[in-house]
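Hi there,

Here is the structure I promised to pass along.

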Amino acid sequence: MRINDLLLKTVVRIVVFIILTLAIYLFFAGHYSPGGGFIGGLVIASAFVLLYLTYDLETVQKGIPVDFKVVAAIGVLLAVGTGFGSVLFGVDFLTQTAHHFNLPLVGDKELGTVMIFELGVALTVVGVVMTIITSIAEGDED
Amino acid sequence: MTIFLAICIPFLMALLVPLMYTFFPKFKIGWFVLIAPLAVLGILASYIPKIAGGQTAIYTYDWVPSLGMSITVYLDGLSMIFSLLISGVGALVILYAIHYLSSKEALHHFYCYLLLFMGAMLGVVFSDNMMVLYAFWELTSVSSFLLIAFWHHRHASRTGARKSMLITVTGGITMLIGFLLLHEMTGTFSIRKTIEQAAILYDHPLFIGALICVLIGAFTKSAQFPFHIWLPDAMEAPTPVSAYLHSATMVKAGIYIVARFTPIFAYGWTWFWLVTFVGLITLVWGSFNAVKQTDLKALLAFSTISQLGLIMSLLGMGSFAYHVQIDTSTIIYTQATFVALFHLVNHSTFKGALFMAVGIIDHEAGTRDIRRLGGLMSLMPITFTITVIGSMSMAGLPPFNGFLSKELFFSSALATASIDMTSLPSIVALVPIMAWVASIFTFIYSCILVVKTFFESPKKLPDVKIHEAPIGMLISPIILVSFVFGIFLFPNTLAKYILSPAMLSIYPQGASQEMMTPHISAWHGFNTELWMTIGVVVAGIILFKLLPKWKGIYNRLPKHLTLNGLFNRALYEAENVSSFITRLYMTGSLRQYMLFVYIVLLGVVGGYFALNDAFNFSMDNNAPIHIYEVILVGVMGAAAIAMLFVSSRVTATVLNGIIGYGLSIFFVIFRAPDLALTQLIVESVTTVLFLLCFTYLPAWKKDRLPSRTKIMNGIISVAVGMTVVAISLSVLHFNEFKTISSYFENAYELAGGKNIVNTILGDFRAFDTMLEVVVLCIASIGVYQMIRLRMKKGGDRHENK
C-alpha cells in the first residue's frame, strides 16, 4: 500500500538538503560550539530516514547506492585507526593533536586528529542506524 | 632479530594464503606454504654452530613499554631442539599433505590453520615472557581445534575438537594461574629471571600451588594420565595433522614446559614424584590400552600417549639431580634428562613416519580398521618397509634409534631405582618394573601394527584396487625413516650439536656441557639393560601369540566407569545444570528482563547509596523553579500515567514521544543545546524504529497477570523511580569521588576544544567513545544477522547437517 503523497515528496526533496547541510555544519562546528560527530551522524541518518519514509526502499537505494554496513565498518576502522595512529608517532594510544592552518577562502582554521576520530564516530552512527532501520524494514516486507 | 622473524614468517604466510587462493586458484597452495617451514629451518640452521658452542641468542622487542610488556625471543639449546622439530617435521608434513589432501578440500583454510599453528608453536618455544608464552600456548589449542574439526561435517570431528579444546584450554588457564603465582613470588614474568631466583623459591608458601598449576597445564597438553582422553578423539583430524600436531609437536609442548621449568621447580620433591610417576602411569596405561585398539590411528594415538609418558617420566627422574651435588658419581642422574631429549627426537622421527604410513594405507585401502586389513605386504612394499622400520624402532629393537633410547631409558630407570633408600621411599624400585612392563605392551602393539596390517590374509577389505601410493606421498616418510636409521648410526653427532646444549638450559648451574653428554653406543656388553630388552622381546612374542586368550580383560571395566565415560557424564551434567540455570532467567519475556535490570539497579546503586548514607539532600541551594518547568513536568507526568491505560500501540508510542520531546525542551531551558539536539533526533529515529517493529509484534492484548505479580511490578517500578530521583538529588552533595569538573574547566588547554561535551567525547573519554562505536557496530551486525536468519527460517539448519 503506497500513498502517493505529492506534497510530502516535494517538500522532502528540498528539506533533505537543508538537513544534510545542517549535519555538515554541526559536524565541523563540533569542537567549539554545539555539534560534533555523534550529532552530525544522527542528523545525516535522520535525513535518510526521512527519505525512506517518503519514498520506498528501492527508490532510495537506487539514489544512494551505499552499503551501510560498510559505512559502519569504515567508521569503526577510522575511530580505532586514529587510536593506533597516535601509537605510530610514539605517543600514547588515542592521543589527539591539532594545528592551526591558514587555508584559502576560510582563513585561519584549526585542524586536529580529533576530526578524523569524529568522522569515524559519525560514519559509524550513520551506518548503524541505517543498517538497523533498513534491515528491519526489509524484513517486514515479506 | 632473525629469530623474531622466524616466529613472524608463518603468521605472515598465513595472511598471504587467502590472497593466493583468491588470485591464483589453479596454483597448489601447498608448494607456496612449504616456503615457511623451510625458511624457518634455514634461519635455525644458521644458529646451530653458535648454540652448539653453549651460547644463546636473545632479542627483545618492546611491545607495550608503558605496561612493561616486551616480547623477548630467546633461543637456547632447548628451544633449538623443539623449533627444529616444528619446522623440520612441518616441512615434511606439508609436503605430504600436498599429495594427501585432494584439491577439492578447503585447502586455503587448512594451510592457514596449519601456519597459524606453526607460528604459535614457535612462539611457545621462543618466548621468555610467560604471558606471551601463554598467549601462544592458547593459540596452539585454538588452531588444533580448528584442524581437528577440519572435516566439520562429521559429528565425530566436532566432538573430538571440542573435547581437545575443553581439556587443553582448561589446562592452559590453570597454567596461567601458575604463572601468576610465580609472578607473585618473584615479581617478574621472565622465565630467565625466575630461574635466577629459583634456589630461594621452594620454601615459599605459594611454591607448591604454582608447581601443580603449571604441571596441570603441561599434563593436559601432553596427554598425560588422566587427561589423555582427548588425544585418541583428536585422531579425527586429517592424517597430516595427526602426524604433525598430535605426535610430533603440539603434544610435546607440555614436555617443553616441564623441561623449561625444571630449573625453577625441581628443588621441590613434589616435582620429582609427580612428573616421574604421572609419566610412568601414562606410559603403562597408554601402552596397555594401545593393544586393544582396532583403528590404526587410535592405536598410534595410545602409543603416542605412552611414549609421551616415557619422556615425561625421564624428565622427572632427571630432576633428581637437583637434590644431590653434581659430580662424576652423580652425573648419571642427569642422564635421564638427556635420554628424554634424545627420545623426544627419536619419537618424532619414527612416529611421524608411522602416522604417514597409516595415512597412506587409509588413503589407498579406504579403511584403517585392523579387523578388515591384512596381506598388504605384496601390494604396498614401500609402505610396508616404512611401517616395519618405524615399528621396530618404536618397539626398541636394533638397528634403529628407538633401540638406543630404550636401552638408555632402562639404565636411567635402574639408576633411579638404586638411589639410596634412606633418602627416598622404596617405591622407586617400581620404576624399572613399570618401564619393563610398558615396554612389553609396546612390543605387542608394534607387532599388531605390522602383522595384522601386512601379513595375515585380508578379511573384509573394501572393494578397491589397492596399489602403492604415489612417490610424492612416500617421500616424507622415507626421509623420516632414514633419520630413524641414521640416528642409530651416528647418535653422538646429534648428541653433540643438538642435545647437549639443551642440557645447559635444564641444568644451568650444573656441570659442564661435555660432562652431561654421555657417549651413546649400540653395544655395551651383556648388561642388565640388554637382558631387559631380550626379556621384552621374548615375553612380547609369547603374549602376542596368546593375545586372543587374554584379550577379555579389556572388557572388565564397566563402560560408565572409564575416564571417557566420566568425562562425558561430567559434560552432560554441566550442560544440564547450565541450561537449567539459564532457563531460570531467560524466560523470553521482556518485562521480566526489565525487572532483573531494575532489581540490580535498586540493589547495587541504591544499596551503595544507602550503605554510605549518601541519601541526604537539602533543597536550599537549588535554583528557583519556574512556571514553565512546572507545566512541562505536568505534561510529561500526565503522558507517562496515561501510557498505562491506553489500548493501542500507536498511542503508547506517541505518548512516549511526548516524554522524550518534553525532556529535550528541558535541555533547552537548562542551556544544553547539544543534549537537546541529540535527544530530539534520537527520539525521532527511535519513533520510526518503533513503527517499523510493529509488524513483528504479536497482537496487542492485556496480559492476564495475577494481581500479586502486578502489585509486585508496581512496587518495583515506583521504587526504581524514587531511587533515581533520590540519587539525582543527592549527587549534588556527594563527595565520595574526586570531582572531574577541573578537566572541563580547562578543556581548551587540555583538549583544544571549547565545546566541552565534544572534548569529553573526543578526547577525555575518547577510549569509551571508541569502544562504544565498536559496540554499536557489533550490535547493528547482530540485528542485521538476526533478521536475515529469521527471513530464512524454515530453510536448512546448518548445524548437525
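Among contacts in chain B between residues at least 6 apart in sequence, 77% join residues at least 24 apart; two residues are in contact if their C-beta atoms, placed from the backbone, lie within 7 Å.

Before the rest, a word on conventions. This is a predicted model, in which local features need pLDDT of at least 70 and side-chain atom pairs count only at pLDDT 80 or more, while totals for chains, interfaces and linings use all residues. Residues are numbered from 1 along each chain as its sequence is written, and chains are lettered from A and ligands numbered from 1 in the order in which they are written.

Chain B has 32 helices and two strands, taken as DSSP runs numbered from the N terminus (helices H or I, at least four residues; strands E, at least two). Its C-alpha atoms fill a box of roughly 110 × 65 × 55 Å along the principal axes.

One helix pair may interest you. In chain B, H14 (residues 296-318) and H15 (residues 335-365) pack at about 175°, with axes 9 Å apart; axes are lines fitted to C-alpha atoms over the stretch in contact, and angles run from 0 to 180 degrees between N-to-C directions. That angle makes H14(B) roughly antiparallel to H15(B) (over 145 degrees). Among the residues making the contact are Leu300(B) and Leu314(B) of H14(B), and His343(B) and Phe355(B) of H15(B).

Best wishes

Key:
Parallel < 35°, antiparallel > 145°, perpendicular 65-115°, else oblique.
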